[in-house]
Amino acid sequence: MWLWIHKFGSPKYFYNVSGKILPWVAGATALLIVIGLYLGLFASPADYQQRETVRIMYIHVPSAWNSMFIYLLMAASAAIGLIWNIKLADIVAAVSAPIGASFTFITLVTGSLWGKPMWGTWWEWDARLTSELILLFLYLGYIALQSAFEDRRLAARASAVLAIVGAVNVPIIYYSVQWWNTLHQPQSLGVGMSTIHPSMLWPLLIMALGFKLLYVVILLMRTRAEVLERERNNAWVQELAQALVGKSVIGSANEYR
Amino acid sequence: MNIAEFFHMDGYALYVWGAYGVTLVVLSLNVILARQQQRKALRAILRAAQRNRSLV
Amino acid sequence: MSERPGIMSTLGALIRRDLLLALRRRAQALNPLVFFVIVVTLFPLGLGPEPNLLQKLAPGVLWVAALLSAMLSLEAMFHSDFEDGSLEQLLLIPQPVFIIVLAKALTHWLLSGLPLLLLAPLLALWLHLPGEAILVLLITLALGAPVLSLIGAIGVALTVGLRRGGVLLSLLVLPLYIPVLIMGAGAVDSAAMGLSVGAQLSILGALLAFAVTLAPWAAGAALRISVE
C-alpha cells in the first residue's frame, strides 16, 4: 500500500499511467452521459407533478452530489498533501476546487431553473439550495486563498488547513441551515426534489456515474497539465520533450499522450 | 412523440433546455480550459527543448 | 535550563501583555464597538422606524452587526506581532502553540465580544426587543462571541502573512460563521415569540466547546505556515 502510494505519488509515474488511462475513462464518460441523456430525455416519462421539468433533475442532482463529493475529496487530498508532503496530492486538491465550484454553480442555476415553474420563484431559501450557495462560498474562499500566495508550497499548505476546517464545518453548516429552514418555513413547499419514481432512478444513477467520471477526466487533464508546468525542469519532462521534438508532433492530437 | 413536441417540453422548454444549456457550457469550458492548459504547458516545454537543442 | 512556567501562567501573561498593548491604543480598541452601534443604527434609518418591523428584524440585525464587528477587529489579533517579528519569537517559547492562539483569541473576545454584552441590551431597546428576548440575546452573545473569535483566529492565522489579507479574511471567515448566526439569531427570535430556546442554546454551547478544542489547533498549524 505504502509503496503503491509513493510510486503513484511520483509525478512521472502518474503522468505516464494517467496518460494511458485517460482515453478509456473519457470514452466511458461519454458513453455513460449519452446513455443517461437518452434515458433522461427520451425514454423516461414526465413526472405526474413536475411534468417535463423533472428532466432537470437528471443534471441537477448528479451535480449536487458531485459538488459535495469533490469538496470532501479536495479536503482529503489537501490533508494528505499537508501531512505526508506529497506534491501530487497538493495538485489534485488545487485543481479540484474550480471543478467543484463549477458543479456547485450548475447545481444552483439548474435548481433555480427548476424552481421557477415549480415553486413560482427563481430563488427559494430552501435548505438544500442555501447549503449549496454556502458551499460555493467555501469553494470561492479556498480558491481565493490559494491564489493569494505566490509560493506554491505555502499556498498548498495554507489552503489545506482551510479545506480541512471547511470539511469539518460542512456538516455543521448543513444541519444548521436545515434547522433554520424548518423553523422559518413550517409550511411544506408541496413539490420536493426528493421523491424519485423508480423509472426515473436509472437515468439519474447513470448520469450521476457519468458526472463522477467526468470529474475524474477533467481532474486528470488538469493535474497532468499542472504536473508538466511544475516539473518542467526535471529530467523526465526534458526527455519527454526531446522525444516529442524528434517526432515533431506539435499541433497533432498525439501531444496529449 | 415527435421532434417539435420533444423540443417544446410541454411548455417548459425554456427551463429544461436552459438548464441543460448552462450545464453544457460550464462543463465544456472546464474541458476546453484543461486542454488549453495542457497544450500551453507542452508548448512551453517544447520551446525550451528546441532552444536547448539549437544551443548544443 | 530554567524551570518551565505553567500553562496557565503563560496564558495569563500573554493575555495581560495583549490587553496592555490594546490599552495603549484605546481608540483603536473602541472602533469595533462604535462600528457595531453605527451598523445597528443604520437599519431603522434604512427600513423606517416602525416598531413591529424593527422588532421582527432585531435578532438578525444585532447578530449580523456582531458578526461584522467581530470580523473587522480580527486582523489586529496577529498583525502587529507579525509586523515587528514578535510573533516568530512567541512561536519559539516552550509552550504548545495551542496556548498562544487560545490567548490571542481570548484577548480578542475580551476586547470585542465582551463589551458587546454591555452594548447589546441598549441597542436591543432601540429596536423594541421585549425583555425576555434581551436576556436570551445576552446569553447567545456570551456563548457565540467566543466562537467568532476562535474561528476568526484560524482565518487571521491563514492570512496574516499576506499583504492584502483584509477582504480575503472576510471571504474565508464569514461562511464559517453561519451556524453561529443561525443559532444565535434563531434563539432570540424564538424568545421574542415566546417559544423555548433550549435547543438553540445547547447547540451554541456545543459549538463553543467544539471551537475551543479544535480551532486553536487549526489556527496554530496555520500560524506556523504563515510565519515560515
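1. A helix axis here is a line fitted to C-alpha atoms over the stretch in contact, and angles run from 0 to 180 degrees between N-to-C directions. Helices are DSSP runs of H or I with at least four residues, numbered from the N terminus.

2. A word on the model: it is predicted, so local features need pLDDT of at least 70 and side-chain atom pairs count only at pLDDT 80 or more, while totals for chains, interfaces and linings use all residues. Residues are numbered from 1 along each chain as its sequence is written, and chains are lettered from A in the order in which they are written.

3. In chain C, have a look at helix 1 (residues 7-24) and helix 6, whose axes come within 9 Å and cross at roughly 40°. Residues making the contact (C-beta atoms, placed from the backbone, within 7 Å) include Leu11(C) and Asp18(C) of helix 1 and Lys104(C) and Leu110(C) of helix 6.

4. Further along, Leu118(C) also sits in helix 6 (residues 97-126) of chain C. Leu118(C) is exposed, because 10 other C-beta atoms lie within 10 Å (exposed means 12 or fewer). Leu138(C) is 20 residues from Leu118(C) in sequence, and their C-alpha atoms are 8.7 Å apart.

5. Turning to the other chains, 35 residues of chain A are in contact with 26 residues of chain B. On the chain A side, helix 4 (87-119), helix 7 (198-230) and helix 8 (235-247) each give two or more residues. Helix 4 of chain A gives the largest share, 10 residues.

Note on methods: A residue is buried if 20 or more other C-beta atoms lie within 10 Å of its own, exposed if 12 or fewer, and partly exposed in between; C-beta atoms are placed from the backbone. Two residues are in contact if their C-beta atoms, placed from the backbone, lie within 7 Å.
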